[in-house]
Amino acid sequence: MTSRNPRDSRLRLVRSRPLASAPRAVTQRSSRRPAPRPPEGTPPPAELARMARTGLAAAARVARWADASLGPGSDGATPDGKGTLADATAERAAEELGLTPAQVCADWDTARLAGLVEVHGGVARPGWRLRAWNRDDSAVLRGWVALFDAWSLAHPEPADREASAVAEVVSAMPQVLSFLQLSAGPVPMEQLLDLLEQRVTELRTERCEIPYGPQPEPAPEAVEIADAPLAPLLDWALHALASVGALTCAAGQATLTPLGSWAVWVKLEQICVAAQSPAGNIEQPASDMLRGCAQLRPNAARAEYRAWLAARPVGSAVTELLEAARGEDALTRGLAFEALRVVGAPAEPDVRAVADESWLRPYALLWLAEHDGHDPEDAHEVLTREESTWLWVDTAAAVADHGEAPLLVRHLESAVQPTVPALLDEVRAVGHPRTVQVLVALAAAHPDPALAKAVRRAAFQVHTGGS
């Protein structure tokens with residue numbers, strides 16, 4: 001008589017799905033809301049990307065020249081460590097490209113602002129957007145939006161204006177741009193100036209605090225700044241936005257370009273997403289936000305990630321997520337990389353940079369594989385056997401700390417090893433610091449006494465350093 005008793009000495013595991021899919025085992029319901037659609041008349045993404053490529057063609061040309069001519073080991077292009085192109089390099093590029101050094105420097109600055117060139121520690125290197133420039137419309141549009149976000153850096157500010165007044169105008173311009181976008185056509189400068197003055201007045205009022213006790217008279221400089229006309233600064237702001245291709249100025253009127261109108265709509269949608277955070281974690285640091293998402297279903301968690309990301313700059317958000325992933329909580333680590341999947345391509349350089357950190361390497365490799373086009377169900381194939389085992393232990397630690405015993409037992413099915421003895425041998429060898437706790441929890445949770453005994457013995461051997 002053939003027995004199917006689970007005490008079979010081989011203790012064979014049934015691998016129902018690869019390790020990469022284990023953290024996503026929760027059933028997902030297809031209740032996605034339709035993506036918001038841009039205003040009527042907005043060109044399709046392919047046409048917007050064509051416009052962006054045209055507007056950034058000169059910057060991309062200089063970036064490609066730098067990629068080809070300033071390879072590893074050559075003299076640094078940015079001697080000041082701030083991204084400024086060296087004079088000799090600018091002259092060389094101008095000669096080879098048939099431009100003036102001033103044009104080369106201007107195009108170089110545009111390339112940096114658009115992410116076509118990245119500067120790390122004084123060393124310039126091609127950005128991921130340059131690599132994807134000809135094949136990925138979304139990369140092109142992200143590059144143009146990055147330039148749009150940096151409009152105030154793209155055109156020199158008036159030298160005779162106080163920095164505080166310039167900062168007030170920069171803070172007020174989103175409302176001016178929103179008005180332009182809603183107008184869907186030319187708007188007279190006088191109307192924009194009136195709106196700017198109203199918004200600046202609101203900003204100054206919001207900063208006011210109720211003083212206690214007698215107060216000195218305001219300094220003459222402060223009075224002068226408050227009374228300074230804003231028309232020259234509005235003129236500067238509009239020309240700066242025109243220089244990046246966001247609007248046009250003619251005959252005393254300003255009009256958003258199709259790219260500018262689309263970018264303003266994108267920003268407004270991000271604000272709406274941030275305002276509708278389902279779990280109220282927008283203001284929380286990354287680690288607290290991730291812990292707050294731990295009990296959410298996958299779709300709800302992704303909505304929370306999007307809201308949290310929309311409320312802060314992408315660069316600082318990615319840095320904060322990776323810092324949270326370096327903590328001791330394995331669940332937070334896994335959730336941090338789920339949030340990084342929502343970030344998408346802008347996170348690639350930072351994720352690639354942490355791929356050598358042992359705690360983050362398996363997660364980073366899976367993220368990069370999926371980013372490069374691997375099917376999520378097959379992405380685990382990029383991991384070595386040791387990396388897969390390390391990730392299995394780390395995921396088990398997350399389940400042991402935050403999950404239920406049956407889920408930990410089912411986690412056995414995601415191991416790459418065909419039998420429990422093989423799994424235990426490799427788990428002992430991989431050296432994960434949570435190995436003992438994971439094995440003890442698994443032994444306590446598993447209903448099969450023979451398997452539990454084997455796991456308990458392995459935990460004792462790891463604890464005592466025996467074999």
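Gln417 sits in the loop between α20 (405–410) and α21 (420–430), where helices (H or I, at least four residues) and strands (E, at least two) are DSSP runs numbered from the N terminus. This is a predicted model, so local features need pLDDT of at least 70 and side-chain atom pairs count only at pLDDT 80 or more, while totals for chains, interfaces and linings use all residues. Residues are numbered from 1 along each chain as its sequence is written, and side-chain values use heavy atoms, with hydrogens and water left out.

- With a relative accessibility of 3%, Gln417 counts as buried; the cut-offs are under 20% relative accessible area for buried, over 50% for exposed and partly exposed in between, with a 1.4 Å probe and protein chains only.
- The Gln417 side chain makes a polar contact with the side chain of Thr389 at 2.8 Å.
- A polar contact also joins the side chains of Gln417 and Glu426, again at 2.8 Å.
- The term polar contact stands for a pair of N or O atoms within 3.5 Å; within protein, one must be able to donate a hydrogen and the other to accept it, and residues adjacent in sequence count only if both atoms are side-chain atoms.

**Aromatic pairs**

- Searching the whole structure gives four aromatic pairs; rings of Phe, Tyr and Trp (its six-membered ring) pair if their centres lie within 6.5 Å, and planes under 30 degrees apart count as stacked, over 60 as edge-to-face and the rest as tilted.
- One of them is stacked: the ring centres of Trp144 and Phe148 are 5.6 Å apart, with the planes at 15°.
- Trp144 and Phe148 are four residues apart in helix α6 (residues 137–149), so about one helical turn separates them.
- Both partners are buried, Trp144 at a relative accessible area of 2% and Phe148 at 5%.
- Trp151 and Trp236 form a tilted pair, because their ring centres are 5.5 Å apart and their planes stand at 45°.
- Since Trp151 belongs to helix α7 (residues 151–154) and Trp236 to helix α11 (residues 231–243), this pair ties together parts that are 85 residues apart in sequence.
- Trp151 is buried with a relative accessible area of 7%, and Trp236 is buried with 4%.

**Helix α11 and Leu233**

- From its first C-alpha to its last, the 13-residue α11 reaches 18 Å, close to the 18 Å expected at 1.5 Å a residue; the expected span is 1.5 Å times one less than the number of residues.
- The buried residues of α11 are Leu233, Leu234, Trp236, Ala237, Leu238, Ala240 and Leu241.
- Leu233 has a relative accessibility of 1% and so counts as buried.
- Not counting residues up to four places away in sequence, Leu233 touches Pro158, Arg161, Ala165, Val166 and Val169, a contact being heavy atoms within 4.5 Å.
- After α11 comes Gly245, which has a positive phi near 90°.

**Helix α13**

- Ala286, Met289, Leu290 and Cys293 are the buried residues of helix α13 (residues 286–293).
- These residues cover an arc of only 100° around the axis, which puts them on the same side of α13; the arc is that of the directions from the helix axis to the C-beta atoms.
- The cover over the buried residues of α13 includes α14 (298–310), α15 (314–325) and α16 (330–343).

**The chain as a whole**

- The protein chain's secondary structure comes to 23 helices and five strands.
- Of its 467 residues, 42% count as buried.
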